[in-house]
Amino acid sequence: MASSSYSNSPCAACKFLRRKCMPDCIFAPYFPPEEPQKFANVHKIFGASNVSKLLNEVQPYQREDAVNSLAYEAEARIKDPVYGCVGAISVLQRQVLRLQKELDATNAELIRYSCNEMPSTHHGMRRVSDDGGGGDGGGSSLGHSHGFHCPTTSWNNDPCGNYGYPRGDI
Ligand SMILES: [Zn+2]
């Protein structure tokens with residue numbers, strides 16, 4: 001017998017609050033009796049009357065999302081009373097920044113590799129700067145003031161010298 005659809009048992013909220021669960025109970029659709037901890041957390045952090053007020057203020061189709069976000073925030077706040085879910089957000093933001101830096105460094109390395117693989121005919125590929133009036137730095141996309149010139153002898157002194165060379169140990 002599927003007891004989860006047994007409508008006579010009060011929802012988790014009414015059971016927790018020791019009150020009669022009416023057919024129009026605003027908590028019942030979102031706090032089933034099988035998940036008592038969900039309401040306990042939300043009640044502890046936000047208070048039942050605030051949750052009820054909030055659910056009445058949002059559209060019925062948004063209430064499930066609202067309850068889920070309240071439950072997430074409440075659980076995070078119980079686990080981390082100081083930062084709550086802000087702690088998780090800032091960890092993820094730091095991770096995004098770190099990965100962005102890593103991506104930038106990798107892209108810069110890719111540009112260096114592709115420069116090193118260029119045939120040494122760079123004297124033939126002079127920059128077209130006839131229309132000097134609009135000299136708005138066409139080479140700025142490479143981040144070098146020298147345009148396409150990539151000296152092939154300087155890459156040993158590269159600050160990111162991770163080309164597999166053990167530095168000076170051997
Ligand atoms: Zn109820």
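Helix α5 is hardly covered: among its 32 residues, the count of buried ones is zero. Here a residue is buried if 20 or more other C-beta atoms, placed from the backbone, lie within 10 Å of its own, exposed if 12 or fewer, and partly exposed in between. What you are looking at is a predicted model, in which local features need pLDDT of at least 70, side-chain atom pairs count only at pLDDT 80 or more, and totals for chains, interfaces and linings use all residues. Residues are numbered from 1 along each chain as its sequence is written.

Helices are DSSP runs (H or I, at least four residues), numbered from the N terminus. Follow α5 from residue 85 to 116: its end C-alpha atoms are 47 Å apart, which agrees with the 46 Å it should span at 1.5 Å a residue. That expected span is 1.5 Å times one less than the number of residues.

Now turn to α2 (residues 36–46) and α4, whose axes come within 8 Å and cross at roughly 75 degrees. Axes are lines fitted to C-alpha atoms, for helices over the stretch in contact, with angles from 0 to 180 degrees between N-to-C directions.

Tyr 72 sits in α4, which covers residues 63–79. With 15 C-beta neighbours inside 10 Å, Tyr 72 counts as partly exposed. Its C-alpha atom is separated by 8.7 Å from that of Val 42, 30 residues apart along the chain.

Finally, look for Ala 13: leaving out residues up to four places away in sequence, Ala 13 touches Phe 27, Phe 31, Phe 39 and Ala 48, where contact needs C-beta atoms, placed from the backbone, within 7 Å.

Methods: Helix = DSSP H or I, 4+ residues; strand = E, 2+ residues; numbered from the N terminus. Contact = placed C-beta atoms within 7 Å.
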